[in-house]
Amino acid sequence: MHGLRTLTYEEIAEAVAGLCIEANRRLPDSVEGALRQSAERERSPLAREVLEDLTRNFEEADRLQLPICQDTGMAVVFAEVGQELRICGGFEDAVNEGVRRGYLRGLLRLSVVADPLRRGNTGDNTPAILHTRLVPGDRLRLTVAPKGFGSENMSAIRMFTPAATEEELVSFVSDCVGRAGSNPCP
């Protein structure tokens, strides 16, 4: 164990807390750029107006230090853990503590329920969904991706036979989108 790089529970919890806040307040530069370019190229006046509204929204969220969307979702944490890294304290507990701190400190909406049938809110947005991969090295790479559920509220599922045609698949998707209308979040 001598010579291994060490991270503590506290370091991990604070890193996750900051990432939870950041992920809900800022878009990646590539996404922001794509939205701006799309607004500039859009021919439909209504579609252009919607894209410009989205642009103004993320600009104001950044200026006011507020979430981009009111649905700050469930925290999904991707962790690449170096095989030569020593973690002091419980890793999963540290991640959940970070989510708890981030969602409370960032004034993010607490929407996770402990039991979907009884609908009891956990009050701190835990537990996170944690995906962990062991990788070479002595580093920890964390990515927090909040997963809102607006689109799932209008989702549908269907089992197709192996003989289903492309036309049948397209028709199913088109019908679902038509029924949903503007109700779900894109």
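Analyst: The radius of gyration is taken over C-alpha atoms, and the globule rule is 2.2 Å times the number of residues to the power 0.38. For 186 residues a compact globule would have a radius of gyration near 16 Å, whereas the protein chain has 20 Å. The model is predicted: local features need pLDDT of at least 70 and side-chain atom pairs count only at pLDDT 80 or more, while totals for chains, interfaces and linings use all residues. Residues are numbered from 1 along each chain as its sequence is written, and side-chain values use heavy atoms, with hydrogens and water left out.

Along the principal axes, the C-alpha atoms fill a box of roughly 60 × 45 × 40 Å. The protein chain has 5 helices and 5 strands, where helices (H or I, at least four residues) and strands (E, at least two) are DSSP runs numbered from the N terminus. Their order from the N terminus is β-α-α-α-β-β-α-β-β-α.

The packing of interest joins helix α2 (residues 29-41) and helix α3 (residues 45-64), whose axes come within 8 Å and cross at roughly 150 degrees. Such axes are lines fitted to C-alpha atoms, for helices over the stretch in contact, and angles run from 0 to 180 degrees between N-to-C directions. The crossing of α2 past α3 is left-handed, a term that applies if the near helix is turned anticlockwise from the far one by less than a right angle. On the α2 side, the contact (heavy atoms within 4.5 Å) is made by E32, L35, R36, S38, A39, E40 and R41. The α3 side supplies R48, L51, E52, L54, T55, F58 and E59. By class, this contact has 5 nonpolar, 2 polar and 7 charged residues; Ala, Val, Leu, Ile, Met, Phe, Trp, Tyr, Cys and Pro count as nonpolar, Asp, Glu, Lys and Arg as charged, and the others, Gly among them, as polar.

Within helix α3 lies L51. L51 counts as buried because its relative accessibility is 14%, buried meaning under 20% relative accessible area (1.4 Å probe, protein chains only). Leaving aside neighbours within four places in sequence, L51 is in contact with L35, S38, A39 and E42.

Over the whole protein chain, buried residues make up 29% of the 186 residues. Among contacts between residues at least 6 apart in sequence, 76% join residues at least 24 apart.

Notes
Buried means under 20% relative accessible area, exposed over 50%, partly exposed in between (1.4 Å probe, protein chains only).
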